[in-house]
Amino acid sequence: MNFWPPVYRAVFSEFAEGTIEDKEYDRERTTDDDHSVGYVPQRNLHFLTTAAAVAEHNSVTGEDIVLYHGAQQNDGEDYPDCRPTFLEAAENAINRSTDQHMIRISTPIIDHSKPEVLKLGERLGIDWKVTFSCYNDESGEPCGECPACIEREEAFEKAAISDPLGSTESL
């Protein structure tokens, strides 16, 4: 499974930092701008505006639209585009760019830790085999080394849930 569609891989390869740009990295290292090595400038803004455009194009005029964003507790520490202030500003900008719809950005898990989200997913019967976290999935498999893979493994361990994609030790 190659999560990143070719258009996003092409767009982000031009200005990406950290794991998408540099496959040899130290997890504790930050970029020259003091960002996490998993930081990709404007990534969530790009995703949200693209989602808004697609939703608007495929909705009846006047219909309210809700975009769901998966920011979780503590994401904002490393990723400025996961902070409530960013999300509010993005929602305002998106709504000022249309007069056809009211578009809302919902962040239902923003106050929950990754292990709490996994436990909720277990209660809801989520099939973890179809979920993906890796930023370095060139082969279609999780790399087991990027911050997203490591955070996923740590969250599954803390939640006491077995990850069907395996651990970083088995990859």
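This is a predicted model: local features need pLDDT of at least 70, side-chain atom pairs count only at pLDDT 80 or more; totals for chains, interfaces and linings use all residues.

Student: OK, back to H3 and H5. How many nonpolar, polar and charged residues are in that contact?

Tutor: The contact of H3 with H5 has 7 nonpolar residues, 2 polar and no charged ones. For the classes, Ala, Val, Leu, Ile, Met, Phe, Trp, Tyr, Cys and Pro count as nonpolar, Asp, Glu, Lys and Arg as charged, and the others, Gly among them, as polar.

Student: And at what angle do the axes of H3 and H5 cross?

Tutor: Roughly 35 degrees, with the axes of H3 (residues 43–57) and H5 (residues 84–96) coming within 11 Å. Axes are lines fitted to C-alpha atoms, for helices over the stretch in contact, and angles run from 0 to 180 degrees between N-to-C directions.

Student: Is the H3 and H5 crossing left-handed or right-handed?

Tutor: Right-handed for H3 and H5. A crossing is right-handed if the near helix is turned clockwise from the far one by less than a right angle, and left-handed if anticlockwise.

Student: New topic: isoleucine 103. Where is isoleucine 103 found?

Tutor: In strand S2. Isoleucine 103 touches Ala52, Glu56, Ile65, Leu67, Glu91, Ile94, Asn95 and Thr98, leaving aside residues up to four places away in sequence.

Student: Is isoleucine 103 buried or exposed?

Tutor: Isoleucine 103 counts as buried because its relative accessibility is 2%. Buried means under 20% relative accessible area, exposed over 50%, and partly exposed in between (1.4 Å probe, protein chains only).

Student: Let's do charges. How many salt bridges are there in the whole structure?

Tutor: A search of the whole structure turns up 3 salt bridges, each being a side-chain nitrogen of Lys or Arg within 4 Å of a carboxyl oxygen of Asp or Glu.

Student: Which residues are linked in a network of them?

Tutor: Asp75, Lys114 and Glu151. Lysine 114 meets aspartate 75 at 3.0 Å, N to O; lysine 114 is in helix H6 and aspartate 75 in helix H4 (residues 75–78), 39 residues apart. Lysine 114 also bridges to glutamate 151, with the closest N and O atoms 4.0 Å apart, and that pair links H6 to H7 across 37 residues.

Student: Is aspartate 75 buried or exposed?

Tutor: Aspartate 75 counts as buried, because its relative accessibility is 11%. Glutamate 151, at 24%, counts as partly exposed. Aspartate 75 touches Gly70, Cys82 and Lys114, again not counting residues up to four places away in sequence.

Student: What about arginine 152?

Tutor: Arginine 152 pairs with aspartate 163 in a salt bridge at 2.7 Å, N to O. Arginine 152 is in H7 and aspartate 163 in the segment after H7, 11 residues apart. Arginine 152 is buried at 11%, and aspartate 163 is buried at 13%.

Student: How do the axes of H6 and H7 cross?

Tutor: They cross at roughly 65 degrees and come within 8 Å, H7 being residues 147–159. The contact is made by Lys114, Pro115, Leu118 and Lys119 of H6 and Glu151, Ala155, Phe156, Lys158 and Ala159 of H7. By class, the H6 and H7 contact has 5 nonpolar, no polar and 4 charged residues.

Student: Last one: how many aromatic pairs are there?

Tutor: The search of the whole structure finds 1. Tryptophan 128 and phenylalanine 156 sit edge-to-face, 5.6 Å centre to centre with 85 degrees between the planes. Rings of Phe, Tyr and Trp (its six-membered ring) pair if their centres lie within 6.5 Å; planes under 30 degrees apart count as stacked, over 60 as edge-to-face and the rest as tilted. Tryptophan 128 is buried at 11%, and phenylalanine 156 is buried at 3%.

How values were computed: Residues are numbered from 1 along each chain as its sequence is written. Side-chain values use heavy atoms; hydrogens and water are left out. Helices (H or I, at least four residues) and strands (E, at least two) are DSSP runs, numbered from the N terminus. Contact means heavy atoms within 4.5 Å.
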